[in-house]
Amino acid sequence: MEAAPLCLCRARGASAAEKGGITRRLKAGWHRGDRLLCLDWTLLRLFPPLRATWALKGTQALVPITGRNAKRVLFGAIDLRSARRVVLIRTRAGQADAQAFLRTLRRRYRGAGWLWLLTDRASAHTAPQTQALAARLRIRFVWLPRQTPELSPMDQLWRELKRLIAANRQAASIDALAAEAAEWVLRLTPQQAFRKAGMLSKRFWLRTLLQNFWRPT
């Protein structure tokens, strides 16, 4: 049996037209009291990814693990103006879970206007039931271009989380790992969250919009 050749394909970057389209939609529909958040979810597994380890030269490194490879899903959102974060721990990432997170967001932003959510076109987000619930909760989805995780500040936070919390060592339990991960995200100061999410970069694609279009409310 011959293995298929490995294709190292470069990830597609978002075009200026795609990013400009998102910016124009936000400018056209925005009202005082609205909030813009970036939403994403990530999967945590009890068996940690091995990013680095020490071993004697010429010997196989041993990584002890125990139990079944349980998993938890963290839904997270970050406010692009204040860096406020909301996290919800679930066992799955289906429609019911995505809808539970929408309800959580609206409870946390009870007095806000419309919630604009930058996110990807996951099936749990595009499902008719999810869309109907979003309309009732005064939530609008703003779809990011496909295969462009670099545009998602929440995705950048997940990367840091997995590097610092969920790699190289196994937690006592999957619930302990999920709780520690959620606490890490929520305990960041606003400045730390802005920096780790990439929003302080001069190249952040919504930098001009955040600085010049919206005034503090």
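## Terms and overall fold

Two strands are taken to pair if DSSP finds at least two bridges between them, and helices (H or I, at least four residues) and strands (E, at least two) are DSSP runs, numbered from the N terminus. This is a predicted model, in which local features need pLDDT of at least 70 and side-chain atom pairs count only at pLDDT 80 or more, while totals for chains, interfaces and linings use all residues. Residues are numbered from 1 along each chain as its sequence is written, and side-chain values use heavy atoms, with hydrogens and water left out.

The protein contains eight helices and five strands, arranged along the sequence in the pattern α-β-β-β-α-β-α-α-β-α-α-α-α. Of its 217 residues, 44% are buried, where buried means under 20% relative accessible area, exposed over 50%, and partly exposed in between (1.4 Å probe, protein chains only). The accessible surface, computed by the Shrake-Rupley method with a 1.4 Å probe and, for residues, with only the protein chains shown as cover, comes to about 13000 Å², and carbon and sulfur atoms hold 52% of that area. Among contacts (heavy atoms within 4.5 Å) with a separation of 6 or more, 71% are between residues 24 or more positions apart.

Strand 5 (residues 139-143) is mostly covered, with four of its five residues buried.

Helix 2 (residues 95-108) has 14 residues and should span 20 Å at 1.5 Å a residue, which agrees with the 20 Å between its end C-alpha atoms; the expected span is 1.5 Å times one less than the number of residues. Its buried residues are Asp97, Ala98, Gln99, Ala100, Phe101, Leu102, Thr104, Leu105 and Arg106.

Rings of Phe, Tyr and Trp (its six-membered ring) pair if their centres lie within 6.5 Å, with planes under 30 degrees apart counted as stacked, over 60 as edge-to-face and the rest as tilted. The whole structure holds three aromatic pairs, including the tilted pair of Phe75 and Phe101, at 5.7 Å centre to centre and 35° between the planes. This pair links distant parts of the chain, since Phe75 is in strand 2 (residues 71-79) and Phe101 in helix 2, 26 residues apart. Both partners are buried, with relative accessible areas of 1% for Phe75 and 0% for Phe101.

A charge sits over a ring if NZ of Lys or CZ of Arg is within 6 Å of the ring centre and within 35 degrees of the ring normal. Arg84 lies over the face of Tyr109, at 4.5 Å from the ring centre, and Arg140 over that of Trp114, at 4.0 Å.

## Surroundings of Pro153

Pro153 lies in helix 5 and is buried, with a relative accessible area of 1%. Leaving aside residues up to four places away in sequence, Pro153 touches Cys38, Ile78, Ala197, Met199 and Phe204. The C-alpha atoms of Pro153 and Phe204 are separated by 9.3 Å, although these residues are 51 apart along the chain.
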